[in-house]
Amino acid sequence: MKIEDRLALLNYKTDKSYAHITIKPDICETCPDHFCTFACPARCYTLIDGKINFKYEDCVECGTCSVACSHGSVTWTNTRGGRGVKYKYG
Ligand code: SF4
Ligand code: SF4
């Protein structure tokens, strides 16, 4: 099963007024590796015209990006109660 198909099985209750993960654009701008784009299983980090685009709304809350970014750009917190990803099938 492709990752896109697996992600389509998830439910989200998006918290539109709070981003549980944020990045620092000034740090990303000079990033030499963009490792987050390879590490995130939900493809929340993408490169568009050489710039990082980040979407916290698609996050599956695995925590990988907080470890994968070794440049201090990622600030990671838990989602607020009852918000975020819902795993329907375990
Ligand atoms: S989040 Fe980290 S790894 Fe990703 S582009 Fe920014 S500085 Fe680079
Ligand atoms: S916590 Fe996991 S799914 Fe969420 S943005 Fe980071 S790497 Fe992607």
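Ligand 1 is surrounded by Ile27, Cys28, Cys31, Asp33, His34, Phe35, Cys36, Ile52, Cys69, His71, Ser73 and Val74, a residue being near a molecule if one of its heavy atoms lies within 4 Å of it. The model is predicted: local features need pLDDT of at least 70 and side-chain atom pairs count only at pLDDT 80 or more, whereas totals for chains, interfaces and linings use all residues. Residues are numbered from 1 along each chain as its sequence is written, ligands are numbered from 1 in the order in which they are written, and side-chain values use heavy atoms, with hydrogens and water left out.

The shell around ligand 1 comprises 8 nonpolar, 3 polar and 1 charged residues. In this classification Ala, Val, Leu, Ile, Met, Phe, Trp, Tyr, Cys and Pro count as nonpolar, Asp, Glu, Lys and Arg as charged, and the others, Gly among them, as polar. Two cysteines of this shell, Cys31 and Cys36, are buried (under 20% relative accessible area, 1.4 Å probe, protein chains only), with values of 17% for Cys31 and 11% for Cys36.

Around ligand 2 there are 14 residues, the closest being Cys40, Cys59, Cys62, Gly63 and Cys65. This shell divides into 11 nonpolar, 2 polar and 1 charged. Cys65 belongs to helix α4, residues 64–68 (a DSSP run of H or I, at least four residues, numbered from the N terminus). Cys65 counts as buried because its relative accessible area is 9%. Beyond residues up to four places away in sequence, Cys65 touches Ile21, Tyr45, Val74 and Trp76 (heavy atoms within 4.5 Å).

The count of disulfides, pairs of cysteine sulfur atoms within 2.5 Å, is 0.

Note on methods
Buried means under 20% relative accessible area, exposed over 50%, partly exposed in between (1.4 Å probe, protein chains only). Helices (H or I, at least four residues) and strands (E, at least two) are DSSP runs, numbered from the N terminus.
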